[in-house]
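Thank you all for coming. I would like to walk you through one structure this morning, taking its loops, its aromatic residues and its pocket in turn.

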Amino acid sequence: MGNSETIAAITEVVRIYATAMVAGDRAALERIFFENASEVGHYEGELLWNSRDAFIRMCEAEGDNTATAWWAIRNLSVQGDIATAHVEDEWAGMRFDTILTMLLHEGAWRVVSKVYRIQS
């Protein structure tokens, strides 16, 4: 996978992440997140540490498949078969800084973990 192909593939994972999160699309989120992936950050002053499935259930509960997802990649680092993407995104009326860590496995980039902060 060349550099431009790698960036395009990772960008597509981020696009799917942002649009599926907003729409509450379980199948799409399951495709891009490893089964043991986690979501970690502070929400309302408390540490929230969700499994992939708990994160997806939250997305389903807030999902709106008519909403337009807003997101932008602020920084991307790729080292062989690992990558980190700093994504700015919106979900449920909040704006986030999100760090997605990814692994290239069996020819596809997938999310290992999501760490976020809500912007003030």
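Predicted model: local features only at pLDDT ≥ 70, side-chain atom pairs only at ≥ 80, totals over all residues.

Let me begin with Glu106, which counts as exposed at 75% relative accessibility, where exposed means over 50% relative accessible area, buried under 20% and partly exposed in between, with a 1.4 Å probe and protein chains only. Residues are numbered from 1 along each chain as its sequence is written, and side-chain values use heavy atoms, with hydrogens and water left out.

Glu106 is found in the loop between S5 and S6, the elements being DSSP runs numbered from the N terminus, with helices (H or I) of at least four residues and strands (E) of at least two. Its phi is near 50°, a positive value in a residue other than glycine. Ala92, in the loop between S4 and S5, likewise has a phi near 50°, and Ala92 is partly exposed, with a relative accessible area of 42%. As background, most residues other than glycine have a negative phi.

Now to the aromatic residues. A search of the whole structure finds four aromatic pairs, a pair being rings of Phe, Tyr or Trp (its six-membered ring) with centres within 6.5 Å, called stacked when the planes are under 30 degrees apart, edge-to-face over 60 and tilted for the rest. One of them is the tilted pair of Phe33 and Phe55, at 5.4 Å centre to centre and 50° between the planes; it links strand S1 with helix H3 across 22 residues. Phe33 and Phe55 are both buried, and together with Tyr17 they form one aromatic cluster.

Another pair, Phe96 and Tyr116, is edge-to-face, with 5.6 Å between the centres and 75° between the planes, and it joins strand S5 to strand S6, 20 residues apart. The charged end of Lys114 sits over the ring of Phe96, 6.0 Å from its centre, on the criterion that NZ of Lys or CZ of Arg is within 6 Å of the ring centre and within 35 degrees of the ring normal. Arg95 lies over the face of Trp70, at 4.0 Å from the ring centre.

What does Tyr116 touch, not counting residues up to four places away in sequence? Taking contact as heavy atoms within 4.5 Å, its partners include Glu39, Val40, Tyr43, Leu48 and Phe96. Tyr116 itself is buried, with a relative accessible area of 7%.

Finally, the largest pocket has a volume of about 170 Å³. Of the 14 residues that line it, the closest to its centre are Tyr43, Leu48, Met58, Trp91 and Met94. H3 gives the largest share of the lining, four residues, and by class the lining has eleven nonpolar, no polar and three charged residues. Grid points are joined across faces, edges and corners, and the volume is the space filled by probe spheres set on the points. Ala, Val, Leu, Ile, Met, Phe, Trp, Tyr, Cys and Pro count as nonpolar, Asp, Glu, Lys and Arg as charged, and the others, Gly among them, as polar.

Note on methods: 1 Å grid on protein atoms, 1.4 Å probe; cavity = no way out; pocket = protein on both sides within 12 Å on 5 of 7 lines; lining within 4 Å.
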